[in-house]
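Student: Can you walk me through this one? I'd like to start with the ligand and then move to another topic.

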Amino acid sequence: MTVVYDRVALIGLGLIASSMFWAIKRGNVAREVTGYARSDETRQTAREIGLCDRVCDSAAEAAEGADLVVLCVPVGVMGQVAAEIAPALKPGATLSDVGSVKAAVIEAVQPELPDNVHFIPAHPLAGTEHSGPRSGFAELFDNRWCLLVPNEDTDPEALANLRNFWEQLGSNVDEMDADHHDLVLAVTSHAPHLIAYTMVGVADDLRRVTDSEVIKYSAAGFRDFTRIAASDPTMWRDVFLSNKTATLEILGRFTEELFALQRAIRRGDGDQLHDYFTRTRAIRRGIIEAGQDTDAPNFGRGGRKG
Ligand code: NAP
């Protein structure tokens with residue numbers, strides 16, 4: 001493990017930033033980490049639990065003099081926070097983010113930045129349904145993908161350093177362009193979250209009819225949905241508002257397939273259902289073979305999601 005940056009600033013001190021901090025300390029990846037969050041309460045908690053070497057009272061103060069600044073705030077406020085810190089950024093510094101959507105973040109952040117700063121967006125595909133400064137842990141990124149989103153003007157050395165940084169945090173690193181990222185994530189994360197939110201909402205309506213049976217006899221499928229649907233409301237509101245086109249495209253396809261399965265059930269077309277479920281089972285096997293989940297029967301529970 002080697003020091004990649006002298007000073008790293010984390011703006012926003014929730015699940016992702018706190019996990020980054022503990023992973024940085026685990027691997028001695030930076031000499032000093034400064035941090036800032038919007039509320040007094042979060043800054044106070046961070047000081048109490050030793051989250052960051054120095055917790056600052058403004059985003060600009062945290063960013064000042066940092067070699068790498070990472071925006072770890074909800075996607076909807078990335079542009080506003082970039083504007084706050086822009087005057088304080090050190091020439092030659094790298095600015096990155098961890099937002100779950102990329103095209104909208106680039107559009108909001110890029111115009112706020114001086115020319116002498118390297119902006120390289122990123123997205124670690126790792127998370128849990130918990131949020132806040134106490135929810136982080138050093139192992140969150142281990143063996144998870146982190147996607148970097150450079151463009152043709154990105155400085156190769158700045159890119160190599162950021163790649164090295166995420167690798168030292170435990171991630172596997174890949175590069176992707178912003179629109180492709182947003183489409184892939186709409187399939188793998190954003191649409192599934194919306195479906196989970198919907199299913200839990202439907203069950204909640206039903207609960208009024210069946211009292212507590214939905215909760216009492218909650219089987220694996222529904223329990224997994226409730227875990228996903230417990231995710232932070234602000235973060236997910238911003239994800240859907242910022243990745244509108246790709247999410248709507250995938251939900252359109254999802255609805256068509258759902259109608260097809262609905263028709264198969266109505267017609268009693270067991271072959272169609274069996275073929276479909278055989279195909280989807282193979283996808284699950286592929287995920288396990290790629291090392292992105294375990295074959296344990298309680299998969300997902302108490303674990304991670306991207
Ligand atoms: P989180 O636990 O809810 O933390 C968000 C942090 O941002 C909080 O410390 C909050 O401060 C701070 N914040 C909000 N608005 C701010 C503002 N205007 N200025 C400064 N700080 C502000 O969120 P998270 O799960 O770490 O997510 C952070 C980012 O990572 C999001 O963009 C999300 O899309 C992305 N991401 C999340 C996951 C996941 O599964 N959770 C996975 C990958 C990427 P207060 O505490 O003071 O409110």
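Tutor: What follows is a short talk through a predicted model, beginning with the ligand and ending with a helix.

Student: Which residues come nearest to the ligand?

Tutor: There are 30 residues around the ligand, and the ones that come nearest are Arg 38, Ser 39, Thr 42, Val 73 and Ser 100.

Student: And how far is the side chain of Thr 42 from an oxygen atom of the ligand?

Tutor: An N or O atom in the Thr 42 side chain is 2.5 Å from a ligand oxygen, while Arg 38 places a polar side-chain atom 2.6 Å from an oxygen atom of the ligand, and Ser 100 likewise has a polar side-chain atom 2.6 Å from a ligand oxygen.

Student: OK, what percentage of the ligand does the protein bury?

Tutor: The protein buries 92% of the 900 Å² that the ligand exposes when taken alone, and the space the ligand takes is the second largest pocket.

Student: What's the shell made of, by class?

Tutor: The shell around the ligand has 16 nonpolar, twelve polar and two charged residues; helix H1 (15-27), helix H4 (78-85) and strand S7 (122-124) each supply at least two residues of that shell, with H4 giving the largest share, three residues.

Student: Switching topic: why does the span of helix H12 agree with what it should be?

Tutor: Helix H12 covers residues 270-289, so at 1.5 Å a residue its 20 residues should span 28 Å, and this agrees with its end C-alpha atoms being 29 Å apart.

Student: And what comes just after H12?

Tutor: Just after H12, Gly 291 takes a positive phi of about 75 degrees.

Key
Residues numbered from 1 in each chain as written. Predicted model: local features only at pLDDT ≥ 70, side-chain atom pairs only at ≥ 80, totals over all residues. Heavy atoms only, no water. Near = heavy atom within 4 Å. Polar contact = N/O pair within 3.5 Å; in protein donor to acceptor, adjacent residues only side chain to side chain. Areas by Shrake-Rupley, 256 points an atom, 1.4 Å probe, with all protein chains shown as cover. 1 Å grid on protein atoms, 1.4 Å probe; cavity = no way out; pocket = protein on both sides within 12 Å on 5 of 7 lines; lining within 4 Å. Sits in = over half its atoms within 2 Å of the grid points. Helix = DSSP H or I, 4+ residues; strand = E, 2+ residues; numbered from the N terminus. Nonpolar A, V, L, I, M, F, W, Y, C, P; charged D, E, K, R; others polar. Expected span 1.5 Å × (residues − 1).
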